[in-house]
Structure formats: C-alpha cells, structure tokens
Amino acid sequence: MLGRQKVHARLFYEFDLETHIPPDHLLRGIDRFLNLEGLHEEVRDFYSHTGRPSLDPELMIRMLVIGYVMGLRSERRLCQEVHLNLAYRWFCRLGLDDKVPDHSSFSKLRHGKFRDSDIFRVVFEHVVAQCIAHGLVGGQGFAVDASLISADVQKQSSSRQDKWDASAIDPKDAPRAVREYLDTLDAEAFGAATPVQPKFTAHADPASQWTAARKGPAFFAYSDNYLIDTDHGIIMDVEATRSVRQAEVGSTLTMLDRTAKRFGIRPDWLAADTAYGSEASLVEIVLKRKILPFIPVIDKGERTDGTLSRSDFAWDEENDRYICPEGKDLRHARRNYSDPARLSSEMKPRRYRAAKADCRSCRLKAQCCPSSETRSLQRGKFEIVRDFARTCTAYPFNETAMRRRKKVEMLFAHLKRILGLTRLRLRGPLGVKDEFTLAAIAQNLRKLAKLNPETAAMKAVG
C-alpha cells in the first residue's frame with residue numbers, strides 16, 4: 001500500500017532553536033568568540049535619544065558576519081537566508097516569529113552610524129584580542145602582502161588621464177564615491193601614494209586603480225593589505241589602498257604601528273616579497289622599528305648581460321672600499337682633500353671608482369666594463385641597511401620565514417575562493433575599507449573557531 005504523509009494542523013508548537021543547531025556547526029564556534037556586549041556603548045553617541053527605537057546594531061553586525069563567513073555576497077540574499085535558515089536565526093538571536101530587517105537598512109547604517117563610529121574596526125580589533133587571549137598569536141614573526149580585488153566599475157565608463165580633471169568636480173553634485181575620492185587625494189594610501197596618474201580613471205569610482213599587475217588584461221582594482229602573525233595565520237591588521245607598490249608598502253608601516261599601539265605587539269622579524277625591499281622601506285623597518293627583515297632587496301646593480309654585477313665585488317667596511325674579483329680596490333676618493341667633509345664618514349650616497357691603470361691592464365675588463373675606461377659602483381646612503389637585509393635573507397632561517405609567509409597568500413586564496421570576494425560590491429575608499437575589514441573579521445573568526453583547543457575538545461566530547 002502506497003503511503004502518504006498526513007499533515008496535521010496543531011494548535012500549539014514547542015520549538016527550541018537551541019536544540020536544532022548541531023554542536024559542531026561553524027556558527028556555534030564563532031558565537032563563542034563574538035562578544036558584542038559593548039557594541040551599544042560604542043555607537044550610543046551616534047543615535048538620537050528621542051524617537052522610535054532603531055534596529056539593534058548588534059543584530060545588523062551579526063547578519064553581516066554571517067554574510068562574510070558564509071560567502072553570501074548579496075545583502076538581499078543574506079536577508080532571505082537569515083529568514084529561512086534556523087542556524088542563522090539562532091546566531092542573530094532571532095526567534096521564529098521575529099522579523100528580519102530589510103536589506104536597504106544595511107546601506108543606511110553603513111553610510112551613516114556604522115561609518116561615523118568606525119564600528120567595523122572596533123569589532124575587528126575585538127576579534128584579534130580574542131585570538132591573542134586564546135594563544136593563537138605568537139608575536140615573534142609577521143608577514144605582509146597585498147592582493148588585487150576588482151572594483152565595481154567598467155572600463156567603458158572611464159576617461160583617459162588627459163581628460164579627467166579632479167579640480168573641476170563640484171563635491172555638492174558628485175556621488176558619494178567621488179566625494180570620497182576627493183577627500184583622499186592627500187592620503188598616503190591613495191592620492192598621495194605616487195604622483196604618477198593612472199592611464200584611465202573610472203567615473204563611478206575614481207579612487208580605484210587601473211592596473212595590469214596580473215600580467216594580463218588591465219582592470220580597475222583596489223589592494224587588500226594583510227599583516228599576519230605567522231604562527232596560525234591570524235590577521236593582525238588590514239588596510240585598503242590603491243593598487244600601486246608605494247601605497248602597499250606604505251600600508252605596512254601603518255599596520256605595524258597600529259598593531260603596536262593597539263595590542264603592544266612588535267614582531268622580531270617580518271617576511272615579505274621583493275616589492276617591499278626598497279631602501280626607504282627597509283630603513284623604516286630596520287632602523288626605526290628594529291625589525292629583522294626577511295625581505296629580498298630590490299637591487300638594480302645586478303646585471304643580466306653577462307657582465308660582472310655589484311654582488312661580484314666585495315665590500316670592505318673598515319677601509320671604505322669595494323674589492324673587485326682581481327683584488328683591486330674601488331674608492332670614492334684617492335687623495336687627501338683640504339675640505340674634511342669630502343672624507344666624512346657620514347651616511348650619504350657615494351660613487352666608488354677603480355683606477356684607470358688597474359682597469360686598463362685587467363684581464364676581466366671585457367667582462368667588467370667593456371664600454372667604459374673604469375668600473376664604478378654607486379653606494380646608496382643607507383646601503384648598510386640593504387647589506388643587513390641581504391645578510392638576513394642569506395641566513396638559514398630565511399627559508400622558514402619564506403615558508404611561513406605563504407600563509408598570507410593562502411588567506412587571500414581563501415578570501416577569493418571560499419568567501420567569494422573576487423569583486424567588490426561597494427565603491428569608494430570607505431566602502432572598500434568596510435568590505436576588507438568585514439572579510440578579515442570573518443577569516444579570523446573562522447580560524448579562531450577551528451583552531452581554539454577548547455572548541456576541539458568540545459567537538460571530541462560530542
């Protein structure tokens with residue numbers, strides 16, 4: 001006999017959300033570490049003391065956390081999923097009969113109270129503090145890197161450099177993203193990062209950078225910069241910048257200083273790729289912040305035409321000279337000057353030259369300086385810092401540091417593949433900052449829920 005399920009209309013139901021959420025559900029682990037009790041005090045000054053009660057900011061933050069943790073990029077879809085999914089309702093402290101806020105509420109809060117109070121940064125720092133408290137941050141080694149995220153614009157709606165005049169824009173009539181662009185023209189992470197203007201400027205989001213850094217078709221993008229602790233890959237800080245090397249390198253110093261100020265953590269060493277190996281960057285990291293750099297040095301003295309490079313010459317610090325492969329010296333001065341400043345040991349750029357007689361009779365002249373009478377080498381003002389960085393990268397621990405640095409690349413892969421952040425939804429520097437901060441919150445919460453030993457023990461018991 002074919003069976004058929006009978007639907008019985010019941011007058012009363014007893015339903016407890018708590019009993020319907022699996023013990024090992026990801027949101028249970030995240031909920032243990034997302035403490036938003038102090039959130040209301042953080043934003044109280046940004047709400048009116050009169051009128052109707054507003055939407056609970058904790059509810060809105062919890063919904064956004066779900067969106068980024070679960071890769072729900074659309075806020076309209078997020079509201080639908082929270083309405084239907086029991087685990088999402090439980091995480092948001094919503095009962096079965098509670099109404100889910102409309103998706104338009106997110107835009108109003110994002111451009112208003114949330115942005116004025118910088119609440120996403122407050123929540124991010126709270127999550128990092130939880131990671132520190134639960135032993136997931138060692139504090140000895142950090143790594144830094146940047147990844148390009150496509151902006152929400154198209155090349156068809158852009159202008160060439162010679163046809164874009166920022167001074168002609170009236171802020172009163174401009175969209176929000178354009179006003180934010182005008183406000184960041186003097187910011188080191190955006191307009192002031194470099195005097196070089198991009199080839200194209202997007203009308204809808206002029207702060208985005210036209211770039212071909214991926215060695216393929218150019219596109220508009222922002223750079224998501226991560227500073228991580230290499231023990232467990234916890235994101236210590238996040239910064240949004242233009243997609244240019246100067247801005248990305250400058251954000252490293254900003255994140256290091258902010259981490260030291262907020263958490264009192266200064267790493268012993270920092271790992272990064274060659275883009276961070278300029279002289280100016282190394283001076284800031286080594287001399288001013290006393291951090292060991294496991295960073296390949298940008299060295300334009302290395303030749304690729306088969307002739308001798310700078311590294312083929314030995315530096316003699318005690319006698320202030322270079323020694324060539326044939327044992328001859330290169331000096332910046334070969335006689336006594338009446339002006340003692342010419343022989344001063346003060347750090348400054350210098351050019352070291354070999355003697356003409358030495359080069360003329362040298363058997364390696366064709367391999368060393370085939371087109372000039374003598375060989376010369378330029379030594380920068382802070383070449384001693386560059387030499388120190390070369391020593392660090394030659395040390396056996398450099399292999400370990402480079403291996404740990406790959407954790408930041410894995411985080412970016414997770415960001416794009418699992419969380420789905422391959423293209424931005426929000427425009428303007430502030431919108432991009434919100435997206436990157438929320439994504440970093442989500443990644444740290446996922447890591448905290450999975451790596452915390454208490455959570456692992458609870459799963460084992462269950």
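Rings of Phe, Tyr and Trp (its six-membered ring) pair if their centres lie within 6.5 Å; planes under 30 degrees apart count as stacked, over 60 as edge-to-face and the rest as tilted. By this criterion, a search of the whole structure finds 12 aromatic pairs. The structure is a predicted model, in which local features need pLDDT of at least 70 and side-chain atom pairs count only at pLDDT 80 or more, while totals for chains, interfaces and linings use all residues. Residues are numbered from 1 along each chain as its sequence is written, and side-chain values use heavy atoms, with hydrogens and water left out.

**Aromatic pairs**

- A pair of aromatic rings is described by the distance of the centres and the angle of the planes.
- The rings of Tyr226 and Phe412 are stacked, because their centres are 4.8 Å apart and their planes stand at 15°.
- Tyr226 belongs to strand β5 (residues 219-229) and Phe412 to helix α16 (residues 397-417), so that this pair links parts of the chain 186 residues apart; helices (H or I, at least four residues) and strands (E, at least two) are DSSP runs, numbered from the N terminus.
- Tyr226 is buried at 0% relative accessible area, and Phe412 is buried at 5%; buried means under 20% relative accessible area, exposed over 50% and partly exposed in between (1.4 Å probe, protein chains only).
- Trp269 and Phe294 form an edge-to-face pair, with 5.9 Å from centre to centre and 85° between the planes.
- Trp269 lies in strand β7 (residues 269-271) and Phe294 in strand β8 (residues 292-294), 25 residues apart; both residues are buried.
- Phe200, Trp210 and Phe220 are linked into a cluster by ring pairs.

**Salt bridges**

- Side chains of opposite charge can pair when their charged atoms come close.
- The whole structure contains 35 salt bridges, each defined as a side-chain nitrogen of Lys or Arg within 4 Å of a carboxyl oxygen of Asp or Glu.
- Asp434 and Arg115 form a salt bridge, with their closest N and O atoms 2.7 Å apart.
- Since Asp434 lies in helix α17 and Arg115 in helix α8 (residues 113-117), the pair ties together parts that are 319 residues apart in sequence.
- Asp434 is buried at 7% relative accessible area, and Arg115 is buried at 16%.
- Arg73 and Glu435 form a salt bridge, with 3.2 Å between the closest N and O atoms.
- Arg73 is in the loop between α4 (57-69) and α5 (75-84), whereas Glu435 is in helix α17 (residues 428-451), 362 residues apart.
- Arg73 counts as buried at 18% relative accessibility, as does Glu435 at 0%.
- Asp31 and Arg93 meet in a salt bridge of 3.0 Å, N to O.
- Asp31 is buried, with a relative accessible area of 16%, whereas Arg93 is partly exposed at 46%.
- A network of salt bridges links Asp299, Arg310, Arg379, Glu383, Arg386, Asp387 and Arg390.

**Helix packing**

- The axes of helix α12 (residues 279-288) and helix α15 (residues 383-394) come within 9 Å and cross at roughly 75°; axes are lines fitted to C-alpha atoms, for helices over the stretch in contact, and angles run from 0 to 180 degrees between N-to-C directions.
- The two helices α12 and α15 are therefore roughly perpendicular to each other (angles under 35 degrees count as roughly parallel, over 145 as roughly antiparallel, 65 to 115 as roughly perpendicular and the rest as oblique).
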